[in-house]
Amino acid sequence: MKKIETFIRSDKLNKLVKKLNSMGLKELNILEAKNFNQDSIKLADSDLKIKFTPMVKIEFVVDYTEVDKYVDVIKNTVQTGETGDGKINVSDIENSVKISTGEEGQRSIA
């Protein structure tokens, strides 16, 4: 199993969630986030000013065979070609347990 987590512009959230849902994704987590990078730092009159960009973090777990299709959909749905489009991270998940039913592994994400 793989966890996909993506940080995207807040205004792209509804469009992406609809697309993921249409692909059969049944469960995901959405968190508010703020992005900071070196381009966000401005020096003005010796005062350090940091601009945070509002973002949304979406995370979900899928079978390893489905990772590429979900990554492609995220890229194609939210990409504008401008700095600040976001980032996609993919990581391994050893196990997943659905607390309400006790189901583990693939069954817990189906």
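Which side chain meets that of Glu82 in a salt bridge? In this predicted model, in which local features need pLDDT of at least 70, side-chain atom pairs count only at pLDDT 80 or more, and totals for chains, interfaces and linings use all residues, the partner of Glu82 is Arg9, with 3.9 Å from N to O. The pair links distant parts of the chain, since Glu82 lies in the loop between α2 (67-78) and β6 (86-92) and Arg9 in strand β1 (residues 2-9), 73 residues apart. Residues are numbered from 1 along each chain as its sequence is written, and side-chain values use heavy atoms, with hydrogens and water left out. Helices (H or I, at least four residues) and strands (E, at least two) are DSSP runs, numbered from the N terminus.

The structure holds eight salt bridges, each defined as a side-chain nitrogen of Lys or Arg within 4 Å of a carboxyl oxygen of Asp or Glu. Glu82 counts as exposed, at 53% relative accessibility, where exposed means over 50% relative accessible area, buried under 20%, and partly exposed in between (1.4 Å probe, protein chains only). A further salt bridge joins the side chains of Lys57 and Glu59 (3.3 Å, N to O), and both Lys57 and Glu59 are buried. Through salt bridges that share partners, Lys3, Glu5, Lys57 and Glu59 form one network. Within it, the closest N and O atoms of Lys3 and Glu5 are 3.7 Å apart; Lys3 is partly exposed, with a relative accessible area of 22%, whereas Glu5 is buried at 16%.

The largest pocket has a volume of about 510 Å³, the volume being the space filled by probe spheres set on grid points that are joined across faces, edges and corners. A pocket is here an open set of points on a 1 Å grid over the protein atoms alone, where a 1.4 Å probe fits, with protein on both sides within 12 Å along at least five of seven lines, and lining residues have an atom within 4 Å of a point. Of the 23 lining residues, Glu27, Val61, Ser108, Ile109 and Ala110 are the closest to the centre of the largest pocket. The elements that give two or more residues to this lining are β5 (53-62), α2 and α3 (106-109), and β5 gives the most, with four. The lining divides into 10 nonpolar, five polar and eight charged residues, with Ala, Val, Leu, Ile, Met, Phe, Trp, Tyr, Cys and Pro counted as nonpolar, Asp, Glu, Lys and Arg as charged, and the others, Gly among them, as polar.
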